Every structure is written in C-alpha cells, then in structure tokens.
Amino acid sequence: MAEQLQDLLNLETAPVAVTFHESQPDDVSRVEKVEPSGCTYWKRASEGKTFYTEASDHYNCPIGCYTHNVELPDAQMAELEGTLKLMGELGYISMEEVPGIPRRDNPFQNAVYAPLADTTAMPDVVLISGTPKQMMLLAEAATAAGIGTENGVMGRPTCAVIPAVMQSDKGASSLGCIGNRVYTALSDDGFYFAFPGKHIDLLVEKLETIVNANLALEEYHQQRQAEI
C-alpha cells in the first residue's frame, strides 16, 4: 500500500505511520534522541527510521503534549501556559479557541513512528505530506472511499490533525503551522493529509481511480480550452 501511494501520487516524502500503544512495544527501539517537537518525529520516520517514544520524549513540545494528551510535569506545564500566553499577546490565538483544539481522548503512553512501508501493525493514523495537487487527489479519493474530510482544511496546530482523524474516523487536511514548518522543514508549498490507517486498502483503491480520472479530465479540459 505504501509503495502504491507513493507511485500513484509521485510522492517525494514517504508516508508515515503513527500507532499508539498502552505499553512499550517489544519489537521496536526507543527513539535515540529527544526532539524539540512531536512533529519532528514525523520527519524522522519519513526519513526511514522506526522507533517508539514515551511521554517524556514529548516534553519539549508543550503544544504537542496538549493535543496528544501527554501529562506534563509542573515545569513543562508552566511552559505550555507561557507559550499560550505569548500566542495570545501576539494575536495568534485566543484562549477561547483552546478548548476547541482536537485532543486525544486517552492519556499518552507510547507511540510508534515508522515509514508506512515498514510498519508491521495497523497504524492509527497515516500522515502524508506533499503538494496541493497531491493532497487534492488524496482528498478526492477519501471522499470516494467514504472517509472525506469533516474538518475542512485544518490550520494550527498541525499535530491536532492526529486526534482529529482518530476521533472522526475520517481523513483531514492540514495547512500546517509555523512551528511545524520550522521543525520539519516542510516547504512553503507543502501541506498534509492524514487518514485512519484501517481504511488504507479502500483509499488506495479509490486513489487509483481518481488519479486515472484526473489524467483523463486534464486532457479533456486542455482540449476544451484550446477549442474555445
């Protein structure tokens, strides 16, 4: 499925599988380095690494800890409050918005990050980054598969796309946020599409149809444009 996704969309970045666990997985090593953000782990997985994280591996990312329901020690909780205060002072977010940000229902224990091609278990969420056209094709395929986006196009914070997908059992597009773009080096013209891993077979099946349909329609519209 991962190979088909990459081939159909001509992706430059490997799809990433994220799977949450209540206990430490036996067949995966813990991440070697604690990163500055939760979404940096997406980047590491897209580069070919498979690993799991514990709650403490996310403490550097207070916003990500909020969306992933990581219980924070006092020092990190103070940092979260300080970050939200700074965002409020800058007019970036209002405190009234915070309760509406998607958040995982269950407290964070462990999460496995892996290239989709290397994952051995059904992932909770598959994350794909790419161009607007590639994400357009994915969104159209998701609609055809009955898992079309319920949240429209999401914005900040990018990591909220994971609980949004898990809670809705639907796909979701995310424009990303400035933190994500700094920590993952996402290009200015790139953004994300995420979907529940359990629907991957149907999504890929519909994606093949959608890609072929778009190729035919592109030729149709080009010919029509030339004739008018």
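Begin by selecting residues 125-130 and 191-196, which are strands β4 and β7, paired in the antiparallel sense over six bridges (strands are DSSP runs of E of at least two residues and helices runs of H or I of at least four, numbered from the N terminus; two strands pair if DSSP finds at least two bridges between them). This is a predicted model, in which local features need pLDDT of at least 70 and side-chain atom pairs count only at pLDDT 80 or more, while totals for chains, interfaces and linings use all residues. Residues are numbered from 1 along each chain as its sequence is written, and side-chain values use heavy atoms, with hydrogens and water left out.

Within this pair, pick Ile128, which stands opposite Phe193 in β7.

Now widen the selection to the open sheet, whose seven strands run in the order β2-β3-β1-β4-β7-β6-β5 with mixed pairing. Its edges are β2 (51-54) and β5 (153-154), each of which has a single partner strand, so one side of each is left without a neighbour in the sheet.

Select Phe20 and Phe108: their ring centres are 6.1 Å apart and their planes at 85 degrees, so the pair is edge-to-face. Phe20 lies in strand β1 and Phe108 in the loop between α4 (74-89) and β3, so this pair ties together parts 88 residues apart in sequence.

Finally, select Phe51 and Tyr113, a stacked pair at 5.6 Å centre to centre with 20 degrees between the planes.

Note on methods. Rings of Phe, Tyr and Trp (its six-membered ring) pair if their centres lie within 6.5 Å; planes under 30 degrees apart count as stacked, over 60 as edge-to-face and the rest as tilted.
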